[in-house]
Amino acid sequence: MADSNEGWKDEEEEEEEELDENDYRSQKDAVLFAIDVSETMLTPLPESDNKKANRDSPTAAALKCAYQIMQQRIISNPKDMMGILLFGTDKSKFQGEAVNSSRSSSAYPHCYLLSDLDIPSAVDVKTLKNLVEDEDEAKYLLVPSEEPVSMSNMLFCANQIFTTKAPNFGSRRLFIISDNDSPHSSDKIARSAAAVRAKDLYDLGVIIELFPISQPDHEFDRTKFYDDIIYRDPTEVDEPSVGSTALKSGGDGISLLNNLISDVNSKNVAKRSLFSNMPFEIGPGFKISVKGFNVLQKQQPARSCYVYLGGETAEIVVGETKQLAADTDKDVQKVDVKKAYKFGGEQVLFTPEEQKKLKDFGSPCIRIIGFKPQSMLPIWASVKKSTFIYPSEESYVGSTRVFSALWQKLLKDNKMGLAWFIARANATPLLVAILPSTERLDETTKGQVIPAGLWLYPLPFADDIRQPADSQPPFTSPDILVDGMRKVVQQLQLPKAIYDPSKYPNPSLQWHYRILQAIALEEEVPEIPDDKTLPKYRQIEKRAGSYLHGWRQILEKESEPSQRPNVKREASLEVEAGRPKKKAKAAPQSLDSMSVDDLRKAIESESLGKFTVGDLKDWLFSKGISTSGKKPQLIERVEQWVEDN
């Protein structure tokens with residue numbers, strides 16, 4: 001099996017043109033919330049039988065949604081921008097303007113820019129938090145205008161915000177939250193002007209997303225106005241977008257808020273491009289172009305910089321790396337450094353040009369070398385995450401039609417392609433399986449879970465495969481135990497027998513973000529993390545407790561030693577009666593359980609080398625010490641810590 005630990009990589013491999021999947025070029029996202037402030041949007045919801053329900057108005061729920069989204073993005077997407085524009089308010093405010101109630105003195109009357117489009121800061125979050133939690137502040141600001149708001153004016157205001165604040169962003173989106181499905185029902189000129197402004201936004205590259213809210217006595221109808229505003233180019237070649245259904249304001253505020261947050265999160269930035277305009281060679285002289293997308297990406301706390309806290313104010317530390325000669329401690333310039341590979345006990349030197357030639361396997365491409373049945377792909381061949389590819393018309397017109405034909409054929413015949421794949425310049429070539437997938441939608445949100453297209457599934461080389469160690473044959477349980485456990489499994493199945501990752505946030509990651517949020521916003525630091533992966537013991541006991549207790553009794557009964565005398569065993573005991581007993585070997589002590597004295601003894605006896613790299617890294621990580629480098633460097637850090645303590 002392939003080794004999942006990538007610590008074996010040598011330093012010379014680090015100079016490949018690596019693509020940082022957490023830092024996408026021109027893929028920063030700018031989102032502007034446009035929230036309607038009208039009489040109906042400010043009306044609290046009717047009372048509910050639910051004791052936990054609140055009576056938040058749709059506007060309050062939308063502001064809380066924006067508040068929670070801003071909290072999420074301020075840390076998880078630190079380069080993205082976010083802003084909040086209230087429209088239909090009695091007061092008006094734009095960039096650089098003072099708050100006023102006069103229509104003539106404002107460039108955009110009845111449009112209040114609560115938070116300008118920018119990277120969210122702690123001050124922005126506090127401002128929004130005060131509006132959400134302070135009733136006096138909400139009563140002062142959330143006052144609807146007596147005259148109807150001009151939608152073309154609001155859209156033009158959004159146009160100016162995106163033009164001045166996010167001119168070069170790859171993703172710019174306007175989220176409109178409203179319950180008014182026909183703001184200009186009797187004014188055709190106003191409707192036409194709004195459609196023109198919406199088209200201007202589309203030409204600018206801004207996507208308008210609607211979050212319609214239906215009132216208990218009125219169902220939101222998109223066809224009355226917003227079908228002319230939500231512009232989509234019918235000629236564009238892209239994945240179909242799934243329109244959101246109208247959110248119900250009936251019931252309680254919690255459900256409306258949760259639905260809003262779920263709907264906004266379902267419209268996260270689309271799959272981000274890992275490469276574009278990649279040649280896809282299906283046969284000799286037969287090429288199309290494709291884009292590659294990173295659909296799955298492991299998230300982890302990212303330290304963007306070091307901060308020095310020893311002075312009066314916190315300061316960002318700028319790192320500087322130098323290479324010194326071991327004998328003279330003089331600075332060594334990069335041009336003076338040569339790289340060598342060990343071969344037969346000697347060092348073989350290579351020039352930078354020779355090193356480049358060694359790594360040059362041709363220009364980036366995907367080249368099919370054959371086809372096989374999908375049944376020949378073993379489950380253990382999964383060594384890395386897959387890359388999703390989709391056709392592009394940039395270099396070869398007709399790529400979409402050819403790509404679709406290949407996808408349909410692989411899907412129909414249950415076949416897979418085998419291909420030679422070079423992702424980028426100087427990258428190590430890969431053998432990949434090309435697997436087709438059909439589109440799968442979430443039953444609740446109707447959002448896309450799995451897109452329709454092809455996946456590049458990396459395959460292991462012969463050098464990557466490890467032979468498993470010899471192991472004892474598995475024990476065979478009696479049928480009575482198997483039948484008993486079957487009942488337990490049936491009682492504890494997940495809903496619809498499907499694991500839904502969207503319901504289980506990473507507790508370690510969320511706890512990290514929560515602590516950072518509390519420090520940045522000067523909130524009280526929580527004591528207990530919210531871990532949704534913990535088993536629900538009461539429900540387990542209620543649903544399967546009787547089966548578990550009964551199964552345990554059967555297990556204890558079946559595992560009791562037989563009462564029948566074992567003649568062979570008794571004879572062997574008689575022979576061994578006169579022999580001294582062998583001392584049992586003590587179990588090896590783990591690195592985490594060793595005291596400072598134990599570590600000092602291990603250093604003196606030079607026995608730290610018996611621990612694996614993983615053990616050493618885990619111990620260093622628990623002490624807050626760097627875990628980079630090879631095994632000798634890790635051992636040196638352990639020795640240094642023992643010496644300092």
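**Close-up views of a predicted model**

**View 1. A salt bridge joins Lys-322 and Glu-320.** The side chains of Lys-322 and Glu-320 meet in a salt bridge, with N and O 3.9 Å apart; a salt bridge is a side-chain nitrogen of Lys or Arg within 4 Å of a carboxyl oxygen of Asp or Glu. Both Lys-322 and Glu-320 are exposed. Relative accessible area defines the classes used here: buried is under 20%, exposed is over 50%, and partly exposed is in between (1.4 Å probe, protein chains only). The structure holds twelve salt bridges. The model is predicted: local features need pLDDT of at least 70, side-chain atom pairs count only at pLDDT 80 or more, and totals for chains, interfaces and linings use all residues. Residues are numbered from 1 along each chain as its sequence is written, and side-chain values use heavy atoms, with hydrogens and water left out.

**View 2. Lys-224 and Asp-181 form a salt bridge between distant parts of the chain.** The closest N and O atoms of this pair are 4.0 Å apart. Lys-224 belongs to the loop between strand E5 (206-214) and strand E6 (247-248), whereas Asp-181 belongs to the loop between strand E4 (171-178) and helix H5 (188-204); the two residues are 43 residues apart. Helices (H or I, at least four residues) and strands (E, at least two) are DSSP runs, numbered from the N terminus. Lys-224 counts as partly exposed because its relative accessibility is 36%. Asp-181, at 5% relative accessibility, counts as buried.

**View 3. Asp-203 and Lys-199 pair within helix H5.** Their side chains form a salt bridge with an N to O distance of 2.8 Å. The two residues lie four residues apart in helix H5, about one turn of the helix. With 30% relative accessibility, Lys-199 counts as partly exposed.

**View 4. Helix H10 has a buried side and a face turned away from it.** Helix H10 comprises 14 residues (residues 507-520), which at 1.5 Å a residue should span 20 Å; its end C-alpha atoms are 20 Å apart, in agreement. The expected span is 1.5 Å times one less than the number of residues. Leu-509, Tyr-513, Gln-517 and Ala-518 are buried in H10. They cover an arc of only 165° around the axis, so they lie on the same side of H10; the arc is that of the directions from the helix axis to the C-beta atoms. The face turned away from the buried side carries the exposed residues Ser-508 and Ile-519. At the N-terminal end, Asn-506 caps H10 through a side-chain oxygen 3.1 Å from the backbone nitrogen of Ser-508. Just after H10, Glu-522 takes a positive phi of about 60°.

**View 5. Glu-281 of strand E7 (residues 272-283) makes a polar contact with Arg-367.** The two side chains are 3.3 Å apart at this contact. A polar contact is a pair of N or O atoms within 3.5 Å; within protein, one must be able to donate a hydrogen and the other to accept it, and residues adjacent in sequence count only if both atoms are side-chain atoms. Glu-281 counts as buried because its relative accessibility is 16%. Apart from neighbours within four places in sequence, Glu-281 is in contact (heavy atoms within 4.5 Å) with Phe-286, Lys-287, Ile-366, Arg-367 and Ile-368.

View 6. Cys-111 counts as buried at 1% relative accessibility. A search of the whole structure finds zero disulfides, a disulfide being a pair of cysteine sulfur atoms within 2.5 Å.
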